[in-house]
Amino acid sequence: MDGVTTGVRATARIVARDDGRGGTSLPVLAGEGPLALRRTRATGDEARVMLVGAMSGPLGGDHLTVEADVGGGALLHVGSAAATLALPGQAKGEARYDVRLEVAAGGELRWLPEQLISARGSELYVSSRIDLARGARLVYREEQVLGRAGEEPGRLTSRLTVRLAGRPLLDQETACGPGAPGGWDGPAVLAGHRALGQLLVVRPEFTEFPAGARMLGERAALTPLAGPAVLVTAVAPDALRLRRVLDEALAAVL
């Protein structure tokens with residue numbers, strides 16, 4: 001191919017359904033390339049799936065997609081076996097990582113992967129799109145670490161779009177690292193921190209018992225959204241302290 005190097009294209013897909021016996025079945029559990037899926041032991045009516053990285057990446061030029069579809073009455077918990085590490089690759093252009101999640105009324109998704117690390121020289125665009133029916137439940141965690149220990153970050157752009165019953169609930173984009181709009185590392189954004197994260201919780205109960213806006217310590221804030229949802233945003237010096245803040249926030253919200 002005349003020396004042209006192209007990136008990897010791969011998709012992983014999960015479909016979760018109520019099995020009619022008080023549990024959750026997985027009629028579709030399919031991964032390819034660097035995206036491998038494994039069902040793990042769970043309790044009660046929950047199905048638990050781990051995303052296992054079978055290769056390094058995403059690398060420059062890669063386009064990876066993870067999809068999950070949760071039906072009514074199903075409860076799906078998705079985690080990952082290790083952090084995702086964005087690296088520079090031989091292919092030109094940025095890498096893309098797309099997350100597509102859909103939850104029906106009466107279904108529940110807990111999306112709790114490990115951190116995404118932006119290594120020096122990498123370029124990654126992450127797009128997460130979540131479609132929720134009215135009456136769906138969601139716990140969605142997103143954690144990003146800028147550079148490995150003692151390393152400058154790559155360029156990382158992340159967009160999160162959430163729709164509830166067909167209407168916008170949340171639409172935001174964050175860009176960090178070389179080439180990002182100026183000020184990303186300034187006092188109004190990261191203030192020198194190298195780990196940032198957010199936690200989105202959607203529960204029908206918030207319609208009747210809404211949560212109030214408040215600070216959660218010095219580096220995190222809880223904000224109620226225009227729907228039965230709350231958003232926690234946080235920054236921290238490192239991944240360990242970021243996880244601690246988000247875990248405490250989740251315990252407080254639930």
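The exercises below, each with a worked solution, concern a predicted model of one protein.

Residues are numbered from 1 along each chain as its sequence is written, and side-chain values use heavy atoms, with hydrogens and water left out. Because the model is predicted, local features need pLDDT of at least 70 and side-chain atom pairs count only at pLDDT 80 or more, while totals for chains, interfaces and linings use all residues.

**Exercise 1. Overall build**

Count the helices and strands of the protein, then compare its radius of gyration with the globule rule.

Solution. Helices (H or I, at least four residues) and strands (E, at least two) are DSSP runs, numbered from the N terminus. The protein has one helix and 18 strands. Its radius of gyration is 18 Å, close to the 18 Å that the globule rule gives for 254 residues, so the protein is as compact as a globular protein of that length. The radius is taken over C-alpha atoms, and the rule is 2.2 Å times the number of residues to the power 0.38. Along the principal axes, the C-alpha trace spans about 55 × 45 × 30 Å.

Next come burial and contacts. Buried residues (under 20% relative accessible area; exposed is over 50%, partly exposed in between; 1.4 Å probe, protein chains only) make up 46% of the 254 residues. Of the contacts (heavy atoms within 4.5 Å) with a separation of 6 or more, 70% are between residues 24 or more positions apart.

**Exercise 2. Helix H1**

Check the length of helix H1 (residues 239-253), then find where its buried residues lie.

Solution. Start with the length. The expected span is 1.5 Å times one less than the number of residues. For the 15 residues of H1 this gives 21 Å, and the end C-alpha atoms are 21 Å apart, which agrees.

Now list the buried residues: Leu 242, Arg 243, Leu 246, Ala 249, Leu 250 and Val 253. Seen down the axis of H1, they fall within an arc of 130°, so they line one face; the arc is that of the directions from the helix axis to the C-beta atoms.

Then take the surroundings. The buried residues of H1 pack against strands E12 (137-146), E15 (195-202), E17 (220-224) and E18 (229-236). The face turned away from the buried side carries the exposed residues Leu 240, Glu 248 and Ala 251. At the start of H1, a side-chain oxygen of Asp 238 comes to within 3.3 Å of the backbone nitrogen of Leu 240.

How values were computed
A polar contact is a pair of N or O atoms within 3.5 Å; within protein, one must be able to donate a hydrogen and the other to accept it, and residues adjacent in sequence count only if both atoms are side-chain atoms.
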